[in-house]
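Visitor: I would like to learn how to read a charged pair in a model such as this one. Could we go through it step by step?

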Amino acid sequence: MSSTEHDVDHALAYPEPPASPLWHRHGAKARPLTDAQKRRNRELLDIAQRTTRPRSPRPTETLAEAS
């Protein structure tokens with residue numbers, strides 16, 4: 001038997017309930033960054049992308065064996 005529009009489960013039918021008011025922001029918007037802040041962020045990003053973080057060597061023994 002094929003499904004028709006009469007076989008629809010009405011518990012799953014739209015419309016959905018409204019979204020929670022907690023999902024929406026009400027209040028002041030963030031201030032735009034100044035040119036100095038933008039420049040500083042670009043410099044920090046550039047430094048972070050160019051430098052490599054040193055990897056600490058893994059211990060050869062487990063914590064249980066060390067004590």
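Visitor: Which residue forms a salt bridge with R50, and how far apart are the closest N and O atoms?

Guide: Side chains of opposite charge can pair when their charged atoms come close. In this predicted model, the partner of R50 is D46, and the closest N and O atoms of the two lie 3.0 Å apart, where the cut-off for a salt bridge is within 4 Å. By this rule the count for the structure comes to one salt bridge.

Visitor: Where do R50 and D46 sit in helix α1, and how many residues apart are they?

Guide: Helix α1 covers residues 35-50, and because R50 and D46 are four residues apart in it, about one helical turn separates them. The secondary structure of the chain as a whole consists of two helices and zero strands.

Visitor: Does R50 count as buried or exposed, and what is the relative accessible area of D46?

Guide: R50 counts as exposed, with a relative accessibility of 58%, while D46 is partly exposed at 37%.

Terms used. Residues are numbered from 1 along each chain as its sequence is written. This is a predicted model: local features need pLDDT of at least 70, side-chain atom pairs count only at pLDDT 80 or more; totals for chains, interfaces and linings use all residues. Side-chain values use heavy atoms; hydrogens and water are left out. A salt bridge is a side-chain nitrogen of Lys or Arg within 4 Å of a carboxyl oxygen of Asp or Glu. Buried means under 20% relative accessible area, exposed over 50%, partly exposed in between (1.4 Å probe, protein chains only).
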